[in-house]
Amino acid sequence: MIDTHCHLDAARFDADRADVVRRAWAAGLEGLLIPAVGPSTWEPLLELPRKDARIQVGLGIHPQLLPDLPAEEDGAHLERLDALLGQGGAAAVGECGLDGPSQAGAPLERQLAVLRGHLALARKHHLPVLMHCHRLHPALIDLFKSEPLPEAGILMHSYSGGAELARFYIQKGCHFSFAGPVTWAEARKPLDALRVIPPERLMAETDAPDQAPTPHRGARSEPAYLPRIIEGMAQALGVPADVLAQRTTENARRLFREAFPPASR
Ligand SMILES: [Zn+2]
């Protein structure tokens, strides 16, 4: 199993990060993908795959971080991102995307400009994109209609857009990963979407430290909970959990262009 989205660099893991990673391997995981949230984390994150190739990273600017960054530096940040991606070592561009219709300090115009910058870099460096979209699917759909998408693909992370929108993203070649909400009792929308997505486009993630699956809901999530999420997905699809585990792992290996080392058996 590969956790395609966990923020292990978050401060909430400062006290016990090494234990969290150990528990992930003990739970049967073979890989972790850590998406950067902002420029100050890019260089430290790039150190991680050099030490252990089972930990891969994405480099990008999370839309929720934009209010903390001066807008006049967006261009310089994207230039530095270009240079770092050119050096190799990142498995993806992201986390990037759109969040909230009118986030203070990050008007839609700015969010779209920064996201376009990420998509251009993904095309240039032949990398897949880790896409965040919260409450702005209409704007993202407009962008996808007008912008050439990266050939290496797009992973819609913690997908919450429902089945109807999923059909549009499927037609655009997107992949989808699901997080803890698939195990929550009231989760209808992600499950409806899950059922219309082709099996070869599916992945799983914890989105740790957020969105913990049942029975850990409300507490800090961590990659060792990924099997619960895969069980929840498998149940909704009516397939055995081990089959889905294998399928989602293969899909992640392929999308991230074999950045994760082959499983040792
Ligand atoms: Zn994230």
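Modeller: Let us begin with two terms: helices (H or I, at least four residues) and strands (E, at least two) are DSSP runs, numbered from the N terminus, and two strands pair if DSSP finds at least two bridges between them. This is a predicted model, in which local features need pLDDT of at least 70 and side-chain atom pairs count only at pLDDT 80 or more, while totals for chains, interfaces and linings use all residues. Residues are numbered from 1 along each chain as its sequence is written.

Biologist: Which residue stands opposite valine 93 in strand 4?

Modeller: Leucine 59 does. Strand 3 (residues 55-59) and strand 4 run parallel and are joined by two bridges. Strand 4 also pairs with strand 5 (residues 129-134), in the parallel sense, over five bridges. There, cysteine 96 stands opposite methionine 131 in strand 5.

Biologist: Why is strand 4 described as largely enclosed by the rest of the structure?

Modeller: A residue is buried if 20 or more other C-beta atoms lie within 10 Å of its own, exposed if 12 or fewer, and partly exposed in between, with C-beta atoms placed from the backbone. Seven of the eight residues of strand 4 (residues 92-99) are buried, so the rest of the structure largely encloses this strand.

Biologist: Which residues of helix 1 are buried?

Modeller: In helix 1 (residues 17-26), the buried residues are Val20, Val21 and Ala24. They lie on the same side of helix 1, because they cover an arc of only 95 degrees around the axis; the arc is that of the directions from the helix axis to the C-beta atoms. Ala18, Asp19, Arg22 and Ala26, on the other side of helix 1, are exposed. Just after helix 1, glycine 28 takes a positive phi of about 100 degrees.

Biologist: Where is arginine 135 placed?

Modeller: Arginine 135 is in the loop between strand 5 and helix 5 (137-146). Its phi is near 60 degrees, a positive value in a residue other than glycine. With 13 other C-beta atoms within 10 Å, arginine 135 is partly exposed.

Biologist: Is glutamine 211 buried or exposed?

Modeller: Glutamine 211 counts as buried, with 23 C-beta neighbours inside 10 Å. This residue is found in the loop between strand 8 and helix 8, and its phi is near 55 degrees, again a positive value in a residue other than glycine.
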